[in-house]
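Please look over this note on the pockets, cavities and cores before our next discussion. Each numbered point can be checked against the structure.

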Amino acid sequence: MKRTPINELLKSTDLGKEINVKGWVRTKRGNKSVAFINLNDGSIIHGIQIVADLTNFDENLMKLITTGSCISVNGTLVQSQGQGQAVEIQATHIEVYGSADAELYPLQKKGHTLEFLREIAHLRPRTNTFGAVLRIRHAMAFAIHKYFNDHGFYYIHTPIITGSDAEGAGAMFRVTTLDPINPPKNDKGEVNYEEDFFGKETNLTVSGQLEGELAALALSKIYTFGPTFRAENSNTARHLAEFWMIEPEVAFNDLVDNMDLAEDFLKYLIQYALEHCNDDLEFLTKMYDNELLSRLRFVVENHFERLTYTEAVEILKTTDHKFEFPVDWGADLQSEHERYLVEKHFKRPVILTHYPKEIKAFYMKQSEDGKTVKAMDVLFPGIGEIIGGSQREEDYEKLHTRILEMGIHEKDLWWYLETRKYGTCPHAGFGLGFERLILFVTGMGNIRDVIPFPRTPKNAEF
Ligand code: 4AD
Ligand code: MG
């Protein structure tokens, strides 16, 4: 018999139908004559109740059905006698695919801490929490592609291995096949990367933007959605060494268009989650964060506050609030400053623009004031920066001068500069950190808990 997923069975009104269901046992209870098994197959957060009349089942078989075991059940879909579910299954045949030793199975009991679950990342998808997070993560990935497809964007695959450093000065992971103990050296005694696999130094990408821009200057509206890597030693609840980034890039857009796109896009994604992930969001709201649903609705229904970096610094300097780090025009804002603006001052998402050029990347469009660039960061409650982007410098001379000023190797970026020589145009784009979006939508507190296998300093076990 063909398996029916539990999400379909729970909606079914086909009472009396013979069905097959497969999944993992969450709990088994009962008495001498009957066993109640709660079975979950991950298709939905809810399990289905299996009722087994013990006169029909072998005692040894029933012993194998423990928490965590995987079984296949044939039976009849019936109206539930118990509370909490509309339908249940009256079992006629049970096959045990794999038992799980009750003494050893790490998820035998409920209520493990998230920290403990991180140590068993190979098993944590079987918990309600990670099932919910992973289904929401899927829904958000799907919604991202849907949004862009519906709005005329093309999906571009940018390389994972690159010979350039898009963000400038970003810490990168080297990609090499050279012998680490005894690498080839040149006359000066330096490692000779000409003998390396690609004949030059290469790294894992920190962003697909530069290659994305090349495509936008041909297809007009593009986006990338891929893994990015940063070797910064930031041990925070918001940083991963490997994370996924979504980077739209649009020819002919300016900074205001860019902000409009970012706001519309984020609201669409959150609205999509509210419409399609209700059971999982309700679970997470109940378990972890009772303001989650209302916060999501608030963001969808209200406009994002837009102001310049300079205006933000004014607000931060005049408030009575005490910060750990000082605020001074020219310095990057710390996350405590960003969160003060969002959570205390404006009480809504904020888009900050026109940052000092010294603290931003070389490719951002220089403002008329000579001091700032047409940058934008979108700041979210509980998260801080969720999006970073800008209008791009499309003027060859200005871009070239900035590259030299910042000490970036022109020879690594000749191809990027050529787009400003041949048919350049105004354009803008941004990067959304996928895991930061998932943090916001799920209300989870730590970024390690919204990606299946987190990569952080000293952690790549699974
Ligand atoms: O602000 P960032 O560094 O911008 C860029 O990489 C640009 N090239 C984007 C563009 O304009 N196309 O990174 C963009 C976003 C951040 O706002 C943040 O959400 C996320 O990526 N991010 C991280 N997420 C998790 N772990 C990290 N270490 C992250 N670093 C950035
Ligand atoms: Mg940034």
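1. A definition comes before the pockets. Work on a 1 Å grid over the protein atoms alone: a pocket is an open set of points with protein on both sides within 12 Å along at least five of seven lines, a cavity is a set of points where a 1.4 Å probe fits but cannot get out, and lining residues have an atom within 4 Å of a point. Grid points are joined across faces, edges and corners, and a volume is the space filled by probe spheres set on the points.

2. Some ground rules. This is a predicted model, in which local features need pLDDT of at least 70 and side-chain atom pairs count only at pLDDT 80 or more, while totals for chains, interfaces and linings use all residues. Residues are numbered from 1 along each chain as its sequence is written, chains are lettered from A and ligands numbered from 1 in the order in which they are written, and side-chain values use heavy atoms, with hydrogens and water left out.

3. The largest pocket has a volume of about 1300 Å³. Its lining holds 46 residues, and Arg230, Glu232, His239, Glu385 and Arg436 lie nearest the centre. Two or more lining residues come from each of β11, α10 (335–345), β15 (384–391), β16 and α13 (434–442). Helices here are DSSP runs of H or I with at least four residues, strands are runs of E with at least two, and both are numbered from the N terminus. β15 gives the most, with five residues.

4. What is the class make-up of the lining of the largest pocket? There are 18 nonpolar, twelve polar and 16 charged residues. Nonpolar covers Ala, Val, Leu, Ile, Met, Phe, Trp, Tyr, Cys and Pro; charged covers Asp, Glu, Lys and Arg; the others, Gly among them, count as polar.

5. The second largest pocket has a volume of about 1000 Å³. It is lined by 38 residues, with Arg26, Ile45, Lys110, Asn128 and Phe283 closest to its centre. By class, 14 are nonpolar, 16 polar and eight charged. Where does this pocket lie? Domain 1 (6–98) and domain 2 (124–171 + 206–449) both give residues to the lining, so the pocket lies between them. The domain bounds come from an automatic or database assignment.

6. Three cavities of 30 Å³ or more turn up in a search of the whole structure. Arg230, Glu232, Ser234, His239, Leu240, Ala241 and Pro457 line it.

7. Now the cores. A nonpolar core is a set of buried Ala, Val, Leu, Ile, Met, Phe, Trp, Tyr and Cys residues joined through side-chain atoms within 4.5 Å. Buried means under 20% relative accessible area, exposed over 50%, partly exposed in between (1.4 Å probe, protein chains only). The largest core has 66 residues, and Met140, Leu281, Phe380, Ile386 and Leu437 have the most contacts inside it. Helix α6 (residues 255–276) gives the largest share, eleven residues. Another core, of 29 residues, lies apart and includes Val327 and Ile403.

8. Helix α5 (residues 209–219) has several buried residues, including Leu210, Ala215 and Ala216. The cover over its buried residues includes β10 (221–229) and α12 (414–421). Ser220 follows α5 and has a positive phi, near 75°.

Terms used: Contact = heavy atoms within 4.5 Å.
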